[in-house]
Amino acid sequence: MLLLLLCPELRAQSTAAIRISFGDEKIDRAPMLRVSSDLALIDVSVIDRNGRPLRGLPANSFHVFERGAEQRIVSVSEGDVPISAVLVLDESRSMGKGVQLCAEAVRKFLDQCTARDEFALISFAEQVAVQSDFTNDPRAIQDRLLHVKSQGRTALLDAVKSAALLMRHAHNQRRVILVLTDGGDNRSRARETEVPRILLETETQVYAASIPQEKPLDDPTTAFGPELLDRLSDAAGGRNVGMDGFWDLDRAMRQITDEIRSEYVLAFRPENLTHDGTFRRVSVRLTRPPGVRQVSVSCRPGYYDSLE
């Protein structure tokens, strides 16, 4: 049986904090066509009803459709490939003591990484700061985590936009933004509508650990965090993992790490490429594995054709 699962629309190391300002940035597109002979690559995660990755699926389980027409899949690969991850840590006042717990969760995440992975660290409250540019040394990130503290309001969209722009300097094909926040946005200058496009152009997935706020929001202009993170992660082919409280952080981080490390890479040869930089929409169909009642498939909703 085929399940139609449409993806939603929508090296120099540095340890000095860099302040981000926003203007009319010109984005250099990094189209998903990275392989010779016009092969397109797309990362796909398959999760069961309990949030666990489904591994070992045969290649003929996957079907890729572009603009409604099925494409010929050239290869399906699975395994732990090097990642470029931007870790985005909320230091706003509403986080309270939870900011220290999130910093510890980031340390544990780094402990599980490989020598070929690279990381950058962004912190944010009312302003966004790049605490570390991309580095292969987890200690450079861990040292910065010693100084986290909660204060000020929350510029979540500005932080995600900054992380996506930073991905223009990433070296690995799999690119992930990992956001740890208690949710709402009440300070950003960036608009929500502009962020998904940058995520697609830089081929970046967004994963978030959504932590409920300890106190009711006292500002009617605040964007509700869980729904905002759902929209951002859906638009980029990632996932927002909700939690019941800070005590659930380790479980959420394990789930995110398992999913990032167990994605499938589908390579297919698109038809009728025009090389004009247009966006090409993609959907994935999956043959349901025997004995599995419910699955969830995540991937980016498409890619930008390369310019000649």
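# Helices, rings and cysteines

Visitor: Which residues does R107 touch, not counting residues up to four places away in sequence?

Guide: Welcome! This is a predicted model, in which local features need pLDDT of at least 70 and side-chain atom pairs count only at pLDDT 80 or more, while totals for chains, interfaces and linings use all residues. Residues are numbered from 1 along each chain as its sequence is written, and side-chain values use heavy atoms, leaving out hydrogens and water. With contact meaning heavy atoms within 4.5 Å, R107 touches Q142, L145 and L146.

Visitor: Is R107 buried or exposed?

Guide: R107 sits in helix α1; helices (H or I, at least four residues) and strands (E, at least two) are DSSP runs, numbered from the N terminus. Buried means under 20% relative accessible area, exposed over 50%, and partly exposed in between, with a 1.4 Å probe and protein chains only. The relative accessibility of R107 is 17%, so R107 counts as buried.

Visitor: At what angle do helices α1 and α6 pack?

Guide: Two packed helices are described by the angle between their axes and the distance between the axes. Axes are lines fitted to C-alpha atoms, for helices over the stretch in contact, and angles run from 0 to 180 degrees between N-to-C directions. For α1 (residues 98–111) and α6 (residues 249–260), the axes are 10 Å apart and the angle is about 35 degrees.

Visitor: Is the crossing of α1 and α6 left-handed or right-handed?

Guide: A crossing is left-handed if the near helix is turned anticlockwise from the far one by less than a right angle, and right-handed if clockwise. The way α1 passes α6 is right-handed.

Visitor: Which residues of α1 and α6 make the contact?

Guide: By class, the contact has 6 nonpolar, 1 polar and 2 charged residues; Ala, Val, Leu, Ile, Met, Phe, Trp, Tyr, Cys and Pro count as nonpolar, Asp, Glu, Lys and Arg as charged, and the others, Gly among them, as polar. The α1 side brings L101, C102, A105, K108 and F109, and the α6 side brings L249, D250, M253 and T257.

Visitor: How many aromatic pairs does the structure hold?

Guide: Rings of Phe, Tyr and Trp (its six-membered ring) pair if their centres lie within 6.5 Å; planes under 30 degrees apart count as stacked, over 60 as edge-to-face and the rest as tilted. Under that rule the number of aromatic pairs is 4.

Visitor: How many residues apart in sequence are the parts that F109 and F119 tie together?

Guide: F109 and F119 form an edge-to-face pair, 6.5 Å centre to centre and 80 degrees between the planes. Because F109 lies in helix α1 and F119 in strand β7 (residues 118–124), the pair ties together parts whose separation in sequence is 10 residues.

Visitor: Which strands hold F279 and Y304?

Guide: The ring centres of F279 and Y304 are 5.2 Å apart with planes at 65 degrees, so this pair is edge-to-face. The two residues are 25 residues apart, with F279 in strand β13 (residues 279–287) and Y304 in strand β15 (residues 302–304).

Visitor: How many residues of helix α3 are buried?

Guide: What covers the buried residues of α3 includes β6 (83–90), β7, β8, β9 (174–181), α4 (195–201) and α5 (225–236). Helix α3 (residues 156–166) is largely enclosed by the rest of the structure, because its buried residues number 11 of the 11.

Visitor: How many disulfides are there?

Guide: C102 is buried at 0% relative accessibility, and C113 is buried at 18%. A disulfide is a pair of cysteine sulfur atoms within 2.5 Å. By this rule the count of disulfides is 0.
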